Amino acid sequence: MYFAGMLLNQLARGNTAIVLSFSDELFCQQLRRAGLRAGTEITVLSRTASRGYLLKIDDTRIAISRKVAADITCELIAA
Amino acid sequence: MCSSCSSGATIHESRLGSDVPAIALVGRPNVGKSTLFTRLTGTHQKMANYPATTVEVSEGLLEIGKQKIRIIDLPGTCSLDAVSPDEQLTTDVIAHGNIDLAVVLVDASNVARCLYLATEMRESGIPMVVAVTMTDLAERRGITLDLEVLARELMAPAIAVTPRLGQGIDDLKKSLLTYLDKNPNPHEMPIRDEDERLEFVNTIIGMAVQRKNNMRTTSDRVDQILTGPITGLAFLLVVLWGVFQATTTLATPLMDLIDSGLNTFIAAPLSAALVGIPWLHGLVVNGIVAGVGTLLTFLPVMSIMFLILSVLEDSGYMSRAAVVSDRIMRFAGLPGRALLPLLVGFGCNVPAISATRALPDARHRLLTGLSVPFTACSARLAVYVFVAEIFFKKNAGTVIFLMYLLSIALVVFFALFMRLTFVRGAKRDPLFIELPPYRLPTSQYVLTDAWIRVKGFLREAGGIVVTTVIVVWFLMATPTSSQYAFTETPVENSAYGAVSKTISPIFEPAGFADWHTTGALVTGFVAKEVVIASWGQNYAVDDVENPVDRQRLTQQLKNDFEASSGGHAAAAVIAFLIFLTAYTPCVATVAAQKREFGLKWALTGIAIQLTLAWVLAVVAFNILKNWL
C-alpha cells in the first residue's frame with residue numbers, strides 16, 4: 001500500500017509512516033525536540049482516551065492529541 | 001517565553017550558596033535524574049525556589065571522604081533552547097551559574113532523544129561527564145549502547161549507572177572527584193546549528209547503538225489498556241478512587257489516633273500539672289499543644305499523599321493519567337495532570353496543594369494550586385450537613401449537592417479567570433506527552449522522597465499553623481473589660497468576640513451579620529472542622545453532640561439567621577454556605593500554598609477567595625431573598 005501526503009490522524013492502529021511536514025510552526029519545535037521531524041518513521045500503537053494517538057518513534061512513546069495529529073503530514077509505508 | 005519568567009539565577013544565589021564546588025545534574029525529563037540525585041545525596045537535600053521564579057530546584061550535599069560537593073538537580077529539559085520557565089531556569093543556570101561540573105544523563109533505552117541535549121551541553125564548554133542510565137531497561141529491550149564510542153564522539157567520559165539499583169554509583173563518585181580537579185573535556189567541540197546537530201546525533205546513534213528488535217513491547221500492550229478510551233478511563237477512576245480513599249478513609253483513623261494520643265499523653269498531663277496557673281495552662285494546652293496538634297494531625301494525610309505521588313511518578317503512570325484526563329480538564333483550561341490535585345482537594349486541600357507538584361509547568365502548578373481551595377473539602381461537608389439539616393430538612397441533600405456543583409463551577413471559572421488575569425501565559429497547549437517506560441518504584445527513592453517532602457511541610461507550614469492557633473487562643477483568652485480575668489472571660493466579652501462583632505457588619509448585605517456566625521467563620525480560618533464547635537462556644541452550648549444542647553443551638557441559630565436577614569433566613573443560610581465554600585479553607589492550606597508558591601501568591605489567593613466569597617454571598621442573598 002502507498003499513499004502520499006495523508007494526515008497523521010488518518011492513520012489506523014498499526015500503521016507505520018514517514019513524517020513529511022508539519023503545518024503548524026507552533027508545535028514544530030516541540031515535535032522536533034521529541035524526535036518527530038521530517039523523515040522520522042512513526043508507528044501508531046493505539047488510540048488514547050483523550051481521542052489522540054499513542055505513537056512509537058524509535059524507542060520513544062509519545063501521546064499526542066488529534067489536533068497535533070492533524071498538523072502532521074506523513075506518507076504511509078506499512079499497514 | 002516571557003521575560004519575567006527568566007530567572008537569570010546563579011548557583012551562588014541559591015540557599016546552599018558557598019565555596020563548596022557545585023555539580024549540576026542535567027537531562028531530559030524521566031531519565032532518572034531525581035533517582036540519581038537521591039542516590040548521591042540521601043536525605044541531605046532541600047528544595048529551593050530560585051529567585052524570581054516558582055520553579056523548584058533540589059539541592060543536596062554529597063560527601064566523598066573529606067570532600068563536600070553541592071549537587072543541584074536542575075529541572076528536566078529537552079534542549080538548552082527553553083520553552084517553559086522550568087527549562088529556562090536550567091538554561092540560565094547553565095549559562096550564568098558557576099557550575100564546576102555537569103553530569104549529563106543519557107537514557108540507554110532511548111539514546112536518540114537524549115543526545116541532542118548532551119551535544120548542546122558539550123558545545124557550551126561547561127566541563128561535563130555523561131552518566132548513562134536505564135541500562136537494565138535497555139538490556140531488556142534488546143538495545144546495546146557502546147559506551148566507548150559514545151565517549152569518543154562526545155569527547156567526554158561516559159559512565160554507566162543504574163541509580164534505582166545503586167549500580168555504578170561508586171564509579172560515578174570517583175569520576176566526579178577526579179574531574180573536579182582535572183578537565184574531563186580537553187578537546188573543544190565545534191558549535192553546530194540545529195540540523196547539523198541532529199545529523200551528528202544520528203551519526204552517533206548509527207555507530208553506538210544496536211537493536212536486536214524494534215517491535216511492539218509489553219509496555220506498549222499495557223499502554224493500550226492504561227491509555228485506551230474506555231479501559232484507560234476506568235483504570236484512572238480506580239486509581240483516583242484509591243487516592244481519595246487513602247487520603248480520607250485510611251488517613252482519618254491515623255489522624256484521630258494522633259489527636260487522641262496527644263490529648264492523652266501530652267495535653268492531659270500538662271493540663272493537670274498547670275491547673276494552678278490559668279494563663280500558662282491556656283497558653284501551653286490551648287495554644288502551643290493545640291497548635292502543634294493541629295499540625296501533627298496532618299502528618300498521616302501528607303505522608304500518604306507524598307508516598308502515593310512518588311509511586312505514581314516513579315512507576316511512570318502519572319504521564320499516562322495525564323493523557324487520559326486531558327480531555328476532562330480541557331474545559332477548565334488546565335492540563336490533564338491537574339485532575340489529581342483537584343480531586344484530592346475534595347478530601348483535603350492541604351495534600352492537594354502538594355499534589356500540584358505532579359504538574360511539570362510552573363504556571364500550571366500555580367494555577368491549579370490557587371484553584372484547589374475552591375474544592376469543597378470533607379471538613380466543609382460536615383458544616384454543610386449540620387446547617388442543611390437545620391434549615392432545609394427535607395431538601396438537605398439537594399442543598400449539599402448544589403454546594404458541590406458550586407465548588408466545581410468555582411474551580412472552572414476561577415482557573416479561566418486567572419489565566420486571563422494574574423497567571424497570563426499559562427496557555428494550554430494541545431496534548432503532547434512523551435511517555436516514560438514503566439518501572440517498579442524503588443522503596444529507597446519513594447521513602448526518601450516522601451520523607452523529604454513531609455519534613456519540608458512540617459518545617460515551613462509549622463510556624464504559620466501553630467502561630468495562628470496561639471493567636472486565636474490569645475484573642476479568646478483576653479477580656480475586653482476589667483470585669484473578667486485573662487483566660488476566664490466568656491467568649492462574648494473576649495477580644496475574639498470584639499473582633500467578631502467588628503467584622504460582623506461586613507456581612508449585613510449577605511444577610512448573616514451576626515457575631516456568633518462571624519466568629520465561627522473566623523475560627524473556621526484555623527480549620528473548617530471547628531466551625532460547628534465554635535458556634536457551640538459562641539452560644540455557650542457545652543456539648544453540640546448532646547441532643548438537648550444541640551436543640552438549643554439549633555434554635556438560637558434559627559433565631560439569629562432570621563433576625564440578621566430580615567426574615568429571609570433560608571436565603572441568608574444559602575449565602576453563608578456559599579461564603580463557606582469559597583473563602584479560605586484553613587491556615588494549613590495557606591501554609592501549603594506559601595510553601596509551594598511563596599507568600600505573595602498565598603496572600604493573593606486569600607484576597608481573591610475572600611472577595612469572591614463575599615461578592616457571591618451578597619449576590620446570592622439579594623437574589624434568593626425574593627423567593628425564599
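Helices (H or I, at least four residues) and strands (E, at least two) are DSSP runs, numbered from the N terminus.

The model is predicted, so local features need pLDDT of at least 70 and side-chain atom pairs count only at pLDDT 80 or more, while totals for chains, interfaces and linings use all residues. Residues are numbered from 1 along each chain as its sequence is written, chains are lettered from A and ligands numbered from 1 in the order in which they are written, and side-chain values use heavy atoms, with hydrogens and water left out.

The structure has three cavities of 30 Å³ or more.

On a 1 Å grid over the protein atoms alone, a cavity is a set of points where a 1.4 Å probe fits but cannot get out; a pocket is an open set with protein on both sides within 12 Å along at least five of seven lines; lining residues have an atom within 4 Å of a point. Points are joined across faces, edges and corners, and a volume is the space filled by probe spheres set on them.

Now select B:A290, B:T294, B:V526, B:A527 and B:V530, which lie nearest the centre of the second largest pocket. Its volume is about 1500 Å³, and 49 residues line it. Show α10(B) too: with ten residues, this helix gives the most to the lining.

Finally, visit two loops. Select B:M134, between β6 (128-133) and α4 (135-140) of chain B. Its phi is positive, about 60 degrees, although it is not a glycine. Is B:M134 buried or exposed? B:M134 is buried, at 7% relative accessible area (buried is under 20%, exposed over 50%, partly exposed in between, with a 1.4 Å probe and protein chains only). Then go to B:T487, in the loop between α18 (443-477) and α19 (495-503) of chain B, where phi is near 75 degrees. B:T487 is partly exposed, with 25% relative accessibility.
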